[in-house]
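Let's take a walk through the charged side chains of this protein. Have a look at the picture first, and then we'll go pair by pair.

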Amino acid sequence: MTLNAAQLNKFLNKSLKEFLWKYGSDTTTNFDLKKIAKDLGIKCHIIMCDEINNYLDKENLIINLQTIKEKGSHWVLCSKKFKIYFDSYGVVPIKNIDTYLQNHNVEKFVYNTIQVQENNTKICGQLCLYVLYKLEERGKFEDIVLSLC
C-alpha cells in the first residue's frame, strides 16, 4: 500500500514526511535501501537475517527478518555504533539478532516497544534509514522514536 498525502499528514512529522516524499512510501528492496543510504551518506549494510554472522564486525545493519531464500518481509535496524535496535512495529529482537547482540557484549542495547508504523503500510525500510540518519545527526534514539508517534 502506497501512502497518499492525507495518510502521511495524519500520522507523520514534517521531517519524516519530507523524507518519504523524497524516498517513497512503498516496499523497498535491499537495492532500494542501498541507494537511499548512499544518497544520505549513511554507512550501513543491508542483509537478510540468516546473513548476520557474516557481518559481525559491522556497526550498522538493516536486517530483513526473512532468509536469503525468501522474498523478504520486514526491515529492522541494529546498530552497534549507537547501541540500538529499532523495529517500526515495536517488537523485540528475534532470536538470532538477540543472540548476535548478546555475543557482542552489547549489554546496554536500547530498543523501542512503541509501534510507529501503521499496519498495512510498507515503510519499514525507509523508517530504519530515517532513524539511522537522525542518529547520525546526533539525535537521541528515544526522541527520534517518539517523534514518529
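This is a predicted model: local features need pLDDT of at least 70, side-chain atom pairs count only at pLDDT 80 or more; totals for chains, interfaces and linings use all residues.

Residues are numbered from 1 along each chain as its sequence is written, and side-chain values use heavy atoms, with hydrogens and water left out.

Start with Lys81 and Glu136, whose side chains join in a salt bridge at 3.0 Å, N to O. Lys81 sits in the loop between β3 (75–79) and β4 (84–86), and Glu136 belongs to helix α5 (residues 124–136), so this pair ties together parts 55 residues apart in sequence. (Helices are DSSP runs of H or I, at least four residues, and strands are runs of E, at least two, numbered from the N terminus.) Lys81 is partly exposed at 39% relative accessible area, and Glu136 is partly exposed too, at 32%. Here buried means under 20%, exposed over 50% and partly exposed in between, using a 1.4 Å probe and protein chains only.

Another salt bridge links Lys134 with Glu137 at 3.3 Å, N to O. Lys134 is partly exposed at 21%, and Glu137 is partly exposed at 44%.

Finally, Asp57 pairs with Lys58, with their closest N and O atoms 3.8 Å apart. Asp57 is exposed at 59%, whereas Lys58 is partly exposed at 26%.

Conventions. A salt bridge is a side-chain nitrogen of Lys or Arg within 4 Å of a carboxyl oxygen of Asp or Glu.
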